[in-house]
Amino acid sequence: MSKQLTILFWGFVYGEVIGYISSALSGTTFSALSSGLTAMIVGFIAINALSFFVKTPKTNK
């Protein structure tokens, strides 16, 4: 549970930063909520999809 909340938090933070920089470079208006939520959702889906395909290796005893 804490892993998922951490992913959502940092996804929102990185979305804010990337959204602000890209809007400043392109000259468009910056929407804080939409850029943060979009990055949060994309990050959440990407990390969960990656953990579905990458499994922890089993050790031989």
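In helix α1, the buried residues are Ile 7, Gly 11, Gly 15, Glu 16, Gly 19 and Ser 23. These assignments come from a predicted model. Part of the cover over the buried residues of α1 is supplied by α2. Helix α1 contains 25 residues. From its first C-alpha to its last, α1 reaches 36 Å, close to the 36 Å expected at 1.5 Å a residue. Just after α1 comes Gly 27, which takes a positive phi of about 80°.

Leaving aside residues up to four places away in sequence, Ser 23 touches Thr 28, Thr 29 and Phe 30. Trp 10 also lies in helix α1. Trp 10 has a relative accessible area of 43%. Because this value falls between 20% and 50%, Trp 10 is partly exposed.

Helix α2 spans residues 32-53 and has 22 residues. The distance from the first C-alpha of α2 to its last is 32 Å, close to the 32 Å expected at 1.5 Å a residue. The buried residues of α2 are Ser 35, Gly 36, Met 40 and Gly 43. They cover an arc of only 130° around the axis, so they sit on the same side of α2. What covers these buried residues includes α1, residues 2-26. The face of α2 turned away from its buried side carries exposed residues. These are Leu 33, Ile 41, Val 42, Ile 45, Phe 52 and Phe 53.

The two helices pack against each other. The angle between α1 and α2 is about 135°, and their axes are 7 Å apart. The helices are therefore oblique to each other. An angle over 145 degrees would have counted as roughly antiparallel. The crossing of α1 and α2 is right-handed. On the α1 side, the contact is made by Lys 3, Gln 4, Ile 7, Leu 8, Gly 11, Phe 12, Gly 15, Glu 16 and Gly 19. On the α2 side, the contact is made by Ala 32, Leu 33, Ser 35, Gly 36, Leu 37, Ala 39, Met 40, Gly 43, Phe 44, Ile 47 and Asn 48. Several of the α1 contact residues are buried, among them Ile 7, Gly 11 and Gly 15. In α2, the buried residues Ser 35, Gly 36, Met 40 and Gly 43 take part in the contact.

Gly 36 counts as buried because its relative accessibility is 0%. Apart from residues up to four places away in sequence, Gly 36 touches Gly 11, Phe 12, Gly 15 and Glu 16. Gly 36 and Glu 16 are 20 residues apart in sequence. In space they are 5.1 Å apart, C-alpha to C-alpha.

Ile 45 belongs to the face of α2 turned away from the buried side. Ile 45 and Ile 7 are 38 residues apart in sequence and 9.9 Å apart in space, C-alpha to C-alpha. Ile 7 is one of the buried residues of α1. Trp 10 and Ile 45 are separated by 35 residues in sequence. Between their C-alpha atoms, the distance is 14 Å.

Definitions and conventions
Residues numbered from 1 in each chain as written. Predicted model: local features only at pLDDT ≥ 70, side-chain atom pairs only at ≥ 80, totals over all residues. Heavy atoms only, no water. Helix = DSSP H or I, 4+ residues; strand = E, 2+ residues; numbered from the N terminus. Expected span 1.5 Å × (residues − 1). Buried < 20%, exposed > 50% of the residue type's maximum accessible area, 1.4 Å probe, protein only. Arc of directions from axis to C-beta. Contact = heavy atoms within 4.5 Å. Axes fitted to C-alpha atoms, helices over the stretch in contact; angles between N-to-C directions. Parallel < 35°, antiparallel > 145°, perpendicular 65-115°, else oblique. Left-handed = near helix turned anticlockwise from the far one by under 90°.
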